[in-house]
Amino acid sequence: MGSRIITTRYCSLGWICLSLWSIFRVSYSFLLRQRHRSLSCDLVEHYRHQFRIHGGRDTMYMNNRGQDDVAGSRIEDCWFPEELLLSSEHGSSDKETIQESLERQSLQFMANLLTDHLRRGSNKPSRESEQNSAYRIAQGRFQDLCCTLDGELLLESLFKSAPSVNDRIVYGAIVSLQSLLVLGTKFGVTATPDQFERSVAHLVDSREHLKRSNIREEWNASNSRKLKYECNRIPGLQLLAQLNRKRSAQGAFDFLVRIGAWQPHENLALLRSGFSLRFTDAEVRAAEEVRLAIG
């Protein structure tokens with residue numbers, strides 16, 4: 001009789017423990033889902049905030065697989081630089097239509113150059129070339145967007161055999177290619193909104209933040225840092241669509257490796273950091289003067 005009572009008590013205790021464990025698991029799963037939902041809402045709100053700050057665009061969050069978590073879309077402004085519009089076009093009621101037309105022509109022009117490069121094969125770039133208008137404009141525009149000088153020269157060389165077009169189309173094509181490079185640096189990056197803000201805060205100071213990059217300016221390392229800070233991925237995504245490539249950070253990275261601008265193990269953290277990867281002309285001249293003085 002006593003053993004039966006003890007057995008019954010142990011069974012009751014076992015059922016109680018099992019019930020408590022089930023309640024704990026259900027509660028934990030519910031709280032975990034709520035936390036993930038909260039983080040997702042924070043990320044969406046963060047990138048909506050980025051949309052309002054950076055050129056009136058919604059942006060895109062890339063997870064560690066390079067897939068699109070929050071789709072970007074055209075809402076207000078076009079990405080084609082306003083400083084390239086003619087004075088008569090600024091006040092025109094068809095201003096946005098004009099910009100969209102220039103965007104399409106720029107994307108088509110850049111896609112044709114990239115396709116021709118892939119068709120010809122990735123030959124090592126050289127400094128000797130015909131000095132056409134497009135190539136002169138492109139020189140120096142990809143500074144600190146590749147880890148190697150050969151990568152920068154290859155991107156510049158895409159414009160060596162470019163057909164004669166309006167300079168505005170060339171500038172627009174360069175904007176789309178720069179955006180593709182910035183997009184590619186985000187491959188493999190996951191971050192909360194606060195972490196994202198901190199990761200780009202060092203790229204510009206308070207004065208630079210008020211002044212956006214001007215595509216007509218003489219390009220330097222400061223302009224490249226602003227590009228990485230502004231992080232307008234829309235032109236790059238549209239260029240990938242024009243090329244029928246995967247529209248994601250991974251798609252951008254894979255394509256840049258495919259054309260030979262980046263290496264398979266490109267140091268993306270270094271590119272994202274905003275640190276200058278080249279010596280300035282003044283530094284090179286000073287080093288040469290020291291070398292001559294010593295030697």
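# Chat: contacts in a predicted model

Me: OK. What does Arg 278 form a salt bridge with?

Reply: With Glu 152, the closest N and O atoms being 3.2 Å apart. The pair links distant parts of the chain, 126 residues apart: Glu 152 is in helix α5 (residues 149–157), and Arg 278 is in the loop between α12 (268–273) and α13 (281–294). A salt bridge here is a side-chain nitrogen of Lys or Arg within 4 Å of a carboxyl oxygen of Asp or Glu. As for the element names, helices (H or I, at least four residues) and strands (E, at least two) are DSSP runs, numbered from the N terminus.

Me: And Glu 152, buried or exposed?

Reply: Glu 152 counts as buried, at 6% relative accessibility.

Me: How many residues of α5 are buried?

Reply: 7 of its 9 residues, so α5 is mostly covered. Among them are Gly 151, Leu 153, Leu 154 and Glu 156.

Me: What do those buried residues pack against?

Reply: They pack against α3, α4, α6 and α11 (249–259). Contact means heavy atoms within 4.5 Å.

Me: Back to salt bridges. How many does the structure hold?

Reply: The structure holds 4 of them. One is between the side chains of Glu 82 and Lys 95, at 3.3 Å, N to O. That pair also links distant parts of the chain, 13 residues apart, with Glu 82 in the loop between α1 (2–53) and α2 (87–90) and Lys 95 in helix α3 (residues 95–120). Glu 82 is partly exposed, at 36% relative accessibility.

Me: Which salt bridge has Arg 119 in it?

Reply: Arg 119 meets Asp 116, 2.7 Å apart, N to O. Both lie in helix α3, 3 residues apart, which is about one turn of the helix.

Me: Why does that spacing put two side chains on one side?

Reply: An α-helix has 3.6 residues a turn, so residues three or four places apart point the same way.

Me: How covered are the two partners?

Reply: Arg 119 is exposed, with a relative accessible area of 60%, whereas Asp 116 is partly exposed at 31%.

Me: What does α3 do around α10?

Reply: The axes of α3 and helix α10 (residues 234–242) come within 9 Å and cross at roughly 60°. Axes are lines fitted to C-alpha atoms, for helices over the stretch in contact, and angles run from 0 to 180 degrees between N-to-C directions. The two helices are therefore oblique to each other. On that scale, under 35 degrees counts as roughly parallel, over 145 as roughly antiparallel, 65 to 115 as roughly perpendicular and the rest as oblique.

Me: Which residues meet there?

Reply: On the α3 side they include Leu 107, Met 110 and Leu 114, and on the α10 side they include Pro 235 and Leu 239.

Me: New topic: how many aromatic pairs are there?

Reply: A search of the whole structure finds 4. Phe 142 and Phe 159 form one that is stacked, 6.5 Å centre to centre with 20° between the planes. Both Phe 142 and Phe 159 are buried. Phe 253 and Trp 262 form a tilted pair, 5.9 Å centre to centre and 50° between the planes. Rings of Phe, Tyr and Trp (its six-membered ring) pair if their centres lie within 6.5 Å; planes under 30 degrees apart count as stacked, over 60 as edge-to-face and the rest as tilted.

Me: Which residues make up the cluster linked by ring pairs?

Reply: Phe 187, Phe 253 and Trp 262. Trp 262 is buried at 2% relative accessibility, and Phe 253 is buried at 9%.

Me: What does Thr 185 touch?

Reply: Trp 262, Leu 268, Leu 271 and Arg 272, not counting residues up to four places away in sequence. Thr 185 sits in the loop between α6 and α7 (193–201) and is buried, with a relative accessible area of 6%.

Terms used:
Residues numbered from 1 in each chain as written. Predicted model: local features only at pLDDT ≥ 70, side-chain atom pairs only at ≥ 80, totals over all residues. Heavy atoms only, no water. Buried < 20%, exposed > 50% of the residue type's maximum accessible area, 1.4 Å probe, protein only.
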